[in-house]
Amino acid sequence: MSDSLDPDAIFRSLTSRFGGRLDVKLTSGPDEAPLLKAAGQSFAMLHGGELVVRLHPGRCAELIEAGQGRLFVHDGQTHEEWLVVNGIDAAEWTAHTMEALGCTQD
């Protein structure tokens with residue numbers, strides 16, 4: 001599988017790109033998923049081979065309506081601020097991660 005279709009490789013690339021910022025840290029989230037935080041706020045993770053980003057609930061609804069993802073469900077609980085991004089595309093993942101990082105600064 002090429003890196004462009006390998007979720008782990010794409011997320012490692014995102015971690016390298018955003019981890020260079022002083023306020024971005026790599027930690028772990030639900031089920032030991034790699035999780036990125038900025039200023040103590042979680043904004044992106046790789047869970048089950050899928051990119052999950054934290055956005056405003058209204059933005060999540062817009063992206064779901066556009067067919068770009070679904071809400072994250074963990075342990076039977078739906079998380080209105082977490083979007084599971086459809087597909088495996090490095091450019092899309094980068095754009096969604098940048099948007100999520102921007103939301104931590106609002």
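## Pairing of β3 and β4

In this predicted model, alanine 44 stands opposite valine 53, a residue of strand β4. The two strands concerned, β3 (residues 41–47) and β4, pair in the antiparallel sense, and four bridges join them.

## The sheet as a whole

Strands β3 and β4 belong to an open sheet of six strands, whose order is β1-β2-β3-β4-β6-β5 and whose pairing is antiparallel. The edges of this sheet are formed by β1 (24–28) and β5, each of which pairs on one side only. On average, and with direction ignored, neighbouring strands of the sheet are turned by 35° against each other.

## Helices on the sheet

Helix α1 (residues 7–19) lies across β1, β2 (34–38), β3 and β4, and runs at about 155° to β3. Helix α3 (residues 90–104) also packs on the sheet, where it touches β1, β2, β3, β4 and β6. The direction of α3 makes about 25° with that of β4.

Helix α1 comprises 13 residues. From its first C-alpha to its last, α1 reaches 17 Å, close to the 18 Å expected at 1.5 Å a residue. At the start of α1, a side-chain oxygen of aspartate 6 comes to within 3.2 Å of the backbone nitrogen of aspartate 8. The buried residues in α1 are Pro7, Ala9, Ile10, Phe11, Leu14, Thr15 and Phe18. These buried residues pack against β1, β2, β3 and β4, and also against α3.

Histidine 96 is located in helix α3. With a relative accessible area of 5%, histidine 96 is buried, because buried means under 20%. Leaving aside residues up to four places away in sequence, histidine 96 touches Leu51, Val53, Leu63, Gln68 and Val85. One of these partners, Val53, is the residue that stands opposite alanine 44.

Threonine 104 is likewise placed in helix α3, and it counts as buried at 10% relative accessibility. Its contacts, again leaving aside residues up to four places away in sequence, are Ala38, Gln41, Ser42 and Phe43. Threonine 104 and glutamine 41 are 63 residues apart along the chain, yet their C-alpha atoms are separated by 6.4 Å.

## Salt bridges between strands

Side chains of opposite charge can pair when their charged atoms come close. The structure holds four salt bridges. One of them links glutamate 50 and arginine 70, with the closest N and O atoms 2.9 Å apart. Glutamate 50 lies in strand β4 (residues 50–54) and arginine 70 in strand β5 (residues 69–74), so this pair ties together parts that are 20 residues apart in sequence. Both ends are partly exposed: glutamate 50 has a relative accessible area of 28%, and arginine 70 has one of 40%.

A salt bridge also joins the side chains of glutamate 81 and arginine 54, at 2.9 Å from N to O. Because glutamate 81 lies in strand β6 (residues 77–85) and arginine 54 in strand β4, the pair ties together parts that are 27 residues apart in sequence. Glutamate 81 is partly exposed, its relative accessible area being 32%. Arginine 54 also counts as partly exposed, at 31% relative accessibility.

What separates glutamate 62 and arginine 59 in helix α2? The two residues are three residues apart in α2 (residues 57–65), which means a separation of about one helical turn. Glutamate 62 and arginine 59 form a salt bridge whose closest N and O atoms are 3.1 Å apart. Glutamate 62 is partly exposed, with a relative accessible area of 48%, and arginine 59 counts as partly exposed at 29%. Salt bridges that share partners bring Arg59, Glu62 and Glu99 together in one network.

Conventions
Residues numbered from 1 in each chain as written. Predicted model: local features only at pLDDT ≥ 70, side-chain atom pairs only at ≥ 80, totals over all residues. Heavy atoms only, no water. Buried < 20%, exposed > 50% of the residue type's maximum accessible area, 1.4 Å probe, protein only. Pairing = 2+ DSSP bridges. Axes fitted to C-alpha atoms, helices over the stretch in contact; angles between N-to-C directions. Contact = heavy atoms within 4.5 Å. Expected span 1.5 Å × (residues − 1). Polar contact = N/O pair within 3.5 Å; in protein donor to acceptor, adjacent residues only side chain to side chain.
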